[in-house]
Amino acid sequence: MTDSTANGGHPTGGGTTGGGTTGADACGEVPFVDLAAAHAEVERQVRAGFDRVLAATAFVNGEEVGAFERDYAHFTGAAHCVGVANGTDALELALRALGVGPGAEVVLPANTFIATAEAVVRAGARPVLVDVDPATLLIDPALAAAATGPSTGAIIPVHLYGRLADVRPLLELGPPVLEDAAQSQGAVPAAATDAATGGASGAIAATSFYPGKNLGAYGDAGAITTGSAELARAVRLLRDHGSDRKYHHEVVGMNSRLDTLQAVVLRAKLRRLAGWNASRRAAAARYAELLDGVPGVVLPPPAGEDHVWHLYVVRVPDRDEVARRLGELGVRTGVHYPVPVHLQPAFRRLGHGPGDFPVTEAAAAEILSLPMFPQITDEQQRRVADGLRKILD
Ligand SMILES: *Cc1c(COP(=O)(O)O)cnc(C)c1O
């Protein structure tokens with residue numbers, strides 16, 4: 001079993017999957033992620049918070065939701081945060097708040113999790129895919145510019161793997177920029193001016209708190225962050241049946257609220273997120289040392305505070321075979337993502353075929369996500385590196 005199937009019922013799970021880890025290196029396994037280790041660090045606060053919610057029976061839009069929204073806005077530096085049910089809804093709600101709907105086109109990278117494109121279709125608009133930069137595998141700004149025209153309703157850079165895409169050239173193109181920040185909670189823009197942490201230097205950012213994300217709930221959850229009071233209000237209305245007063249409905253919205261119990265978990269974990277991201281950066285630096293000179297392995301380009309290493313993605317020849325042999329050595333890996341959006345049956349409607357996005361397609365055949373989580377030990381990383389060396393030497 002590779003980790004991309006580890007989380008019950010949500011096989012590709014946005015970014016990482018989570019769940020189902022044993023946390024054990026006792027039996028010699030190196031898990032892909034270790035949610036149990038993260039839980040152990042927050043268990044006391046989470047249980048106390050659950051007790052408060054159970055006593056108050058405020059399961060939807062309870063006090064903890066507002067408190068988390070304030071905490072997360074503060075953490076990111078955005079003026080507003082609105083909690084929603086999951087990251088895909090966050091993207092859809094952000095698009096709808098921006099007024100993007102039928103007749104509009106939305107520019108996004110071909111190398112992303114399916115949800116980015118899915119949200120565009122659910123908002124009634126048409127995804128326009130563009131290829132990515134060969135080094136970072138993030139949206140190529142020149143190609144995004146070429147794809148932007150009078151019908152473009154929004155541009156969605158995806159801060160994939162935890163690395164911030166360069167939003168500045170996109171902001172100059174005109175249409176509003178919606179950042180997909182599902183994998184980048186806590187990443188700091190290199191040229192921080194008024195830009196917020198983890199993505200909200202555009203008009204609005206959408207994020208996911210799927211369990212395996214850097215900030216993960218114990219179920220589905222998501223949020224938008226924005227500097228615009230107007231956009232925040234629009235999402236607030238849309239997430240709750242178009243209503244800001246009980247039984248008064250201004251617009252046709254949906255039901256996409258953030259659970260109070262999830263808000264408890266997120267508040268407890270948020271206090272540790274900066275430290276956890278620092279541990280991920282240290283682990284990424286350690287991999288770079290350990291994997292230096294392993295034949296055939298292409299490492300991800302180095303990064304600073306603008307990367308929170310949600311995933312540590314290397315490129316290797318004959319990837320599936322390498323992953324299989326690592327699995328035999330007890331090292332769990334993932335692939336994010338093996339089939340690009342334009343080659344998925346669900347997006348046949350876009351009329352693309354093999355060869356349309358060569359950089360994305362070449363990457364999809366070679367990328368391999370190595371075990372990465374804040375609590376990963378030196379010993380575990382050594383086992384991953386030794387395994388790769390053994391297989392590739
Ligand atoms: C996880 C993820 C999403 C969707 O989030 P869900 O909470 O699973 O709906 C969207 N985009 C990217 C890049 C993701 O990794």
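These notebook entries record what I looked up in a predicted model.

**Entry 1. Ground rules.** I number residues from 1 along each chain as its sequence is written, and I leave out hydrogens and water, since side-chain values use heavy atoms. In this predicted model, local features need pLDDT of at least 70 and side-chain atom pairs count only at pLDDT 80 or more, while totals for chains, interfaces and linings use all residues. Helices (H or I, at least four residues) and strands (E, at least two) are DSSP runs, numbered from the N terminus.

**Entry 2. H1 against H8.** I began with a general point: two packed helices are described by the angle between their axes and the distance between the axes. Axes are lines fitted to C-alpha atoms, for helices over the stretch in contact, and angles run from 0 to 180 degrees between N-to-C directions. I found that helix H1 (residues 35–56) and helix H8 (residues 260–290) have axes that come within 9 Å and cross at roughly 150°. H1 and H8 are therefore roughly antiparallel to each other; angles under 35 degrees count as roughly parallel, over 145 as roughly antiparallel, 65 to 115 as roughly perpendicular and the rest as oblique. The residues of H1 that meet H8 include Ala38, Val42 and Phe50, and those of H8 include Leu261, Val265 and Trp276. Contact here means heavy atoms within 4.5 Å. I sorted the residues of this contact into 10 nonpolar, 3 polar and 4 charged. For these classes, Ala, Val, Leu, Ile, Met, Phe, Trp, Tyr, Cys and Pro count as nonpolar, Asp, Glu, Lys and Arg as charged, and the others, Gly among them, as polar.

**Entry 3. H2 against H8.** Next I looked at helix H2 (residues 63–76), which packs with H8 at an angle of about 30°, the axes being 8 Å apart. That makes H2 roughly parallel to H8. Among the residues in contact are Phe68, Tyr72 and Phe75 of H2, and Val264, Leu270 and Leu273 of H8. By class, I recorded 10 nonpolar, 1 polar and 3 charged residues.

**Entry 4. H9 against H11.** The axes of H9 and helix H11 (residues 378–392) come within 10 Å and cross at roughly 125°. That makes H9 oblique to H11. Val322, Arg325 and Leu326 of H9 meet residues of H11 including Val384 and Ile391.

**Entry 5. The ligand.** Which residues are closest to the ligand? I noted Gly87, Thr88, Gln183, Ser208 and Lys213 as the closest of the 17 residues that surround the ligand, each with a heavy atom within 4 Å of it. A side-chain N or O atom of aspartate 180 is 2.8 Å from a ligand nitrogen atom. A polar side-chain atom of glutamine 183 is 2.8 Å from a ligand oxygen atom. For lysine 213, the distance from a side-chain N or O atom to a ligand oxygen atom is 3.1 Å.

**Entry 6. Backbone exceptions.** Most residues other than glycine have a negative phi, and most peptide bonds are trans. Tyrosine 161 has a positive phi, near 70°, and is placed in the loop between strand E4 (152–155) and helix H6 (168–171). Histidine 336 and tyrosine 337 are joined by a cis peptide bond with omega of about 10°. I located tyrosine 337 in the loop between helix H9 (319–328) and helix H10 (358–366).

How values were computed
A polar contact is a pair of N or O atoms within 3.5 Å; within protein, one must be able to donate a hydrogen and the other to accept it, and residues adjacent in sequence count only if both atoms are side-chain atoms.
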